[in-house]
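Hi everyone, thanks for coming. Let me put the model up on the screen, and then I'll walk you through its rings and its pocket.

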Amino acid sequence: MLYLASKSPRRRELLGRLGLDFGVLEIDIPEHRQPGEPPRDYVCRVAREKAGAGLLSVVANPSALVLGSDTEVVLDDEVFGKPADAADAASMLRRLSGRTHEVISAVSLVSPGRELQAVSVSKVTFAELDDATIDAYVASGEPFGKAGGYAIQGGAEVFVTRLDGSYSGVMGLPLHETARLLAGFGLGSLAKGAA
């Protein structure tokens, strides 16, 4: 049985696109970057911790397979998590304005005896955003609960002048990498195509 260890409705929607049945585990783990921890290592660790915590919660099921994922926005080696409030969201957007940032999305897939992980790194370039645009976007409420204070699949799509990488990865679950991991466990269309 496949489980998604995530509270994110976006991840549920994305995983659903792969056509597999899965359960949802609402896992809550602390997301704190360690001093000196590189952003990529941090994102990979959090994804692994989510999957591991999910597996612990269904340990009675020996056929359990748990997927954990984490996505973070990175600019100048600084990780932009979810904004704490409106001022924090506006500050993030001002810093992203007119610049190219990275979106790192890691996926961990674990079973009682095995673990696989993949990472997607995308580069996203924003147009110059004026204060009125930023204020209106923050007032929409969309930045909250989103890494970097924006949702590429929502109103912030118009901010993006260039995307080099995975659109679904920027949303929160890189589908190509996820499908490859699932195929490694014998699940999904990539596994069927390889058979």
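I'll begin with the aromatic residues, then turn to a lysine and the pocket.

A quick note on the source: this is a predicted model, so local features need pLDDT of at least 70 and side-chain atom pairs pLDDT 80 or more, while totals for chains, interfaces and linings use all residues. Residues are numbered from 1 along each chain as its sequence is written, and side-chain values use heavy atoms, with hydrogens and water left out.

How many aromatic pairs does the structure hold? There are three, where a pair means Phe, Tyr or Trp rings (for Trp, the six-membered ring) with centres within 6.5 Å; planes under 30 degrees apart are stacked, over 60 edge-to-face, and the rest tilted. One of them joins F126 and Y150 edge-to-face, with 4.8 Å between centres and 70° between planes. These two come from distant parts of the chain: F126 sits in strand β6 (residues 114–126), and Y150, 24 residues away, in the loop between α4 (131–139) and β7 (160–164). Helices here are DSSP runs of H or I with at least four residues, strands are runs of E with at least two, and both are numbered from the N terminus.

Y137 is buried at 6% relative accessibility, and F159 at 5%. Ring pairs link F126, Y137, Y150 and F159 into a cluster.

Now the lysine. K50 lies in helix α2 (residues 39–57) and is buried, with a relative accessible area of 8%. A polar atom of the K50 side chain lies 3.0 Å from the backbone oxygen of S69.

Finally, the pocket. Which residues lie nearest the centre of the largest pocket? They are S8, R10, R11, K82 and G145, out of 27 lining residues. By class, the lining has 12 nonpolar, six polar and nine charged residues; Ala, Val, Leu, Ile, Met, Phe, Trp, Tyr, Cys and Pro count as nonpolar, Asp, Glu, Lys and Arg as charged, and the others, Gly among them, as polar. A pocket, on a 1 Å grid over the protein atoms alone, is an open set of points where a 1.4 Å probe fits, with protein on both sides within 12 Å along at least five of seven lines; lining residues have an atom within 4 Å of a point.

Technical notes
Buried means under 20% relative accessible area, exposed over 50%, partly exposed in between (1.4 Å probe, protein chains only). A polar contact is a pair of N or O atoms within 3.5 Å; within protein, one must be able to donate a hydrogen and the other to accept it, and residues adjacent in sequence count only if both atoms are side-chain atoms.
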